[in-house]
Amino acid sequence: MKIRRYAGVTTFIVAGALALTACSSGSGEGSDESSAGGASTGVITVSNGEPQNPLIPTMTNETNGSTAIQNLFAGLVYYGADGSVHNEVAESIESDDNQTWTIKLKDGWTFTDGTPVTAESFAKAWDWGATLSNAQNLSYFFEPIQGFSYDEDSSLIEAGGLTAEDETTLVVKLTQPESDFPTRLGYAAFFPLPESFYEDTEAFGENPVGNGPYKLEEWAHNEAITLVPNEDYAGERTPQNGGLELIAYTQEDTAYNDLLDGNLDIIKNVPSSAFQTFEDDLAGRAVNQPSAVIQTMTVPEWLEEFQGEAGLLRRQAISHAINREEITETVFAGSRTPATDFTSPVIDGWTEEIPGNEVLEFDEAKAKELWAQAEEISPVPADYKLQIASNADSDHQTWVDATCNSIKNVLGIDCEFYPYPTFDEFLDARDNGEVPGMFRAGWQADYPAMSNFLGPIYGTGAGSNDGQWSNADFDAKLSEANGASTPEEATELYKQAEEILFQTLPGIPLWYSNATGGWSENVDNVEFGWDSDPILYQVTKAE
């Protein structure tokens with residue numbers, strides 16, 4: 001992991017960056033002749049789904065909502081296709097000690113309601129997002145800032161953690177040095193908000209006012225989110241098209257068929273039914289590349305059979321009973337790679353040599369032995385059935401069925417897919433602690449760093465700690481890593497934090513996901529980035 005800090009840009013180098021991008025420069029029948037040198041006017045249609053929550057940056061921690069948020073707002077920095085960090089609203093981000101950060105803003109930025117983007121726009125937004133009673137999903141991102149509290153309402157501004165010294169100068173004081181703090185600032189939690197937000201937060205969530213490359217035209221719930229170019233956008237992500245239509249599909253096969261028929265421009269996820277054929281089907285208009293995405297199964301702490309010594313033995317037994325190599329080849333046609341840790345191979349610092357990760361190896365004899373030991377301590381009922389939950393509006397049943405078959409064949413227990421009709425229904429059940437079994441936990445990195453795969457998911461009380469796991473030793477190691485004086489020291493400490501995860505298995509890593517997507521003949525300049533998302537502002541299309 002290498003970070004350079006200077007007045008112009010904070011640069012983060014991601015391992016394997018050269019393999020991360022796939023760009024189309026083809027000239028399909030619908031392509032715009034001017035696409036290489038200027039904006040086109042066609043509206044880009046994109047497969048998406050219904051967001052779980054109102055479109056408020058600090059409330060949005062799932063992919064359907066984030067596709068809209070990332071295009072409606074501009075942060076202090078943004079991430080390039082290879083994971084590099086580029087200044088956007090920030091002119092500079094500097095610190096002498098990695099604890100007190102002085103951020104200078106560029107002039108000329110406005111929200112789409114015409115009001116200026118100032119240092120106070122960031123300070124107030126972060127302060128509101130961090131306040132306990134506002135119950136924001138991403139509030140934990142502000143934990144490092146002086147004044148943050150998990151126990152009571154507190155103000156980062158009043159505590160001196162955030163100071164808007166003038167309209168273009170924001171000073172941030174952390175509780176300890178954190179060398180990768182600038183890398184985080186392109187994530188939604190750190191976006192600014194206009195004054196109109198505080199007048200009616202509910203209305204804002206339905207009709208957000210941002211400062212990004214696009215502005216909202218319409219949100220027809222369960223149908224589509226329509227965005228149009230923001231003519232006053234002051235950054236480098238200038239739209240090269242006439243807008244975006246984010247269509248709420250409930251079945252990925254339907255989206256894929258629409259793509260093949262020319263009725264959809266970009267699909268973000270290829271359904272498993274097409275894994276064997278999509279690169280041939282799309283003939284040069286497909287992407288299959290490494291990305292910062294991992295799939296795991298979360299083990300809810302509220303399930304009695306996974307508690308205590310017997311519960312740990314069962315977690316280990318189930319992990320050993322999953323034939324990851326076979327599933328990634330037969331179900332995913334090699335577009336997934338068996339996981340060997342809790343992060344991602346495209347993130348700098350990754351290694352497949354974490355002590356304890358042998359629990360991810362397929363080992364029938366070991367799995368049976370561990371399950372038998374658990375049964376001696378605390379047996380499950382004779383009719384016990386392991387359920388693996390996920391949403392049915394995306395293509396998960398195929399791999400869940402394969403995983404269940406692997407577990408059943410090895411352990412001799414029943415196992416089945418537990419479906420929720422839509423993604424937002426699944427998320428609501430998960431967030432309310434109502435899921436009756438293990439559940440799918442796909443994680444797409446918010447920013448390109450090892451810490452983002454660990455703290456948000458497994459830190460005590462973190463917004464994406466959906467299994468409600470808590471471990472004081474892990475929290476302490478994570479805090480130590482976050483405060484490391486160098487990125488290299490931090491990497492070693494994050495590895496030690498992973499050792500604790502392997503000792504306790506709050507989740508069971510399955511595989512790393514490639515970005516698998518595609519586009520129609522009607523569009524050009526399509527590129528999928530380090531996080532598996534298409535970079536939509538640069539896509540061109542004739543009207």
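This is a predicted model: local features need pLDDT of at least 70, side-chain atom pairs count only at pLDDT 80 or more; totals for chains, interfaces and linings use all residues.
Start by selecting phenylalanine 148, which at 16% relative accessibility counts as buried (under 20% relative accessible area is buried, over 50% exposed, in between partly exposed, with a 1.4 Å probe and protein chains only). Phenylalanine 148 sits in the loop between α2 (119-130) and β8; helices (H or I, at least four residues) and strands (E, at least two) are DSSP runs, numbered from the N terminus.

Residues are numbered from 1 along each chain as its sequence is written, and side-chain values use heavy atoms, leaving out hydrogens and water.

Next stop, the salt bridges. Each one is a side-chain nitrogen of Lys or Arg within 4 Å of a carboxyl oxygen of Asp or Glu, and the whole structure has 13.

- Pick glutamate 195 and lysine 124, whose closest N and O atoms are 3.0 Å apart. Glutamate 195 is in the loop between α3 (181-184) and α4 (196-199) and lysine 124 in helix α2, so the pair ties together parts 71 residues apart in sequence.
- Pick lysine 215 and glutamate 231, another salt bridge at 3.0 Å, N to O. Lysine 215 is in strand β10 (residues 214-220), and glutamate 231 is in the loop between β11 (224-229) and β12 (243-248). Glutamate 231 is exposed at 57%, whereas lysine 215 is partly exposed at 26%.
- Pick glutamate 301 and arginine 315, which meet at 3.1 Å, N to O. Glutamate 301 lies in the loop between β14 (286-298) and α8, with arginine 315 in helix α8.
- Pick Glu178, Asp180 and Arg184 to see a network of salt bridges.

How many of the 13 residues of α8 are buried? Ten are, so α8 is largely enclosed by the rest of the structure. Among them are Ala310, Leu313 and Ile318.

Last, look at two backbone spots. Most residues other than glycine have a negative phi. Leucine 505, however, has a phi near 50°; find leucine 505 in the loop between α15 (487-504) and β19 (507-519), buried at 0%. Asparagine 525 also has a positive phi, about 60°, and is buried at 18%.
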